[in-house]
Amino acid sequence: MSHLIAPSVLSANFANLQSDIEMINTSAADWFHVDVMDGVFVPNISFGFPVIKALKKLAKKPLDVHLMIVDPDKYTQAFKEVGADILTLHIEACNHLHRSIQNIKNCGMKAGVAINPHTNISLLHDVITDIDLVCVMSVNPGFGGQKFIENTYDKVKSLKQLIVAKNSNALIEIDGGVDLTNYKKLISCGANVLVAGNTVFSAQKPIEMISQLKTV
Ligand code: DX5
Ligand code: ZN
């Protein structure tokens, strides 16, 4: 499978979201990456259900919803109802991760687990065959436009080994600071999905930037 590109809506123009959604629809992008922040798990607040519902009406590609919130179980069903196709929660926000993953799958969504830069991939050992995606944070979550953390390459390689060893189908997604200087190396280390916010939306020609990120 060739790699996927998921532009992060967090960097879109909220005063004209429709135009940016249509741009992603037309582009070579594969998913919409949708960052939900609660001001508790991360030091920022983004957007919630009404915005995602509006986005879903226009989006012609799957919604990859990344929850940076405490107590994500409380809202699993609600995210399904507003149109999430993939729901990713943070391992650091879950006391009963296995149950949280099952809840997502029982609601009919694909289940993802995100790990912060300080979290060791060994913590995924006993759930790796239950999940569809691991979101490796390559910045500390909370903001777009941050600098890529170089340790991510080694982390992706170890994660890839774990996935192969356990015969898991989980995709490896990289989130934060992805740009033209690092995307190829990330793919060669084993990444399957690249999130890109600032790199896409601050580009002169976002559609061409997405096509470039799709090129290996
Ligand atoms: C960070 C978010 C990211 C962010 C990526 O907390 O999870 O998805 O939007 O943005 P860039 O690509 O600008 O680092
Ligand atoms: Zn994200």
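Tutor: Let's start with a term: a residue is buried if its relative accessible area is under 20%, exposed if over 50%, and partly exposed in between, using a 1.4 Å probe and protein chains only. This is a predicted model, where local features need pLDDT of at least 70 and side-chain atom pairs count only at pLDDT 80 or more. Residues are numbered from 1 along each chain as its sequence is written, and side-chain values use heavy atoms, with hydrogens and water left out.

Student: What makes the pair of F148 and Y153 stacked, edge-to-face or tilted?

Tutor: Rings of Phe, Tyr and Trp (its six-membered ring) pair if their centres lie within 6.5 Å; planes under 30 degrees apart are stacked, over 60 edge-to-face, and the rest tilted. Here the centres are 5.2 Å apart and the planes at 50°, so the pair is tilted.

Student: How do you know that K185 lies over the face of Y153?

Tutor: A charge sits over a ring if NZ of Lys or CZ of Arg is within 6 Å of the ring centre and within 35 degrees of the ring normal. K185 lies over the face of Y153 at 4.1 Å from the ring centre.

Student: How many aromatic pairs does a search of the whole structure find?

Tutor: The search finds four. One of them joins F49 and Y75, tilted at 6.2 Å centre to centre with 45° between the planes.

Student: What makes F49 partly exposed?

Tutor: Its relative accessibility is 28%, so F49 counts as partly exposed.

Note on methods: Chains are lettered from A and ligands numbered from 1 in the order in which they are written.
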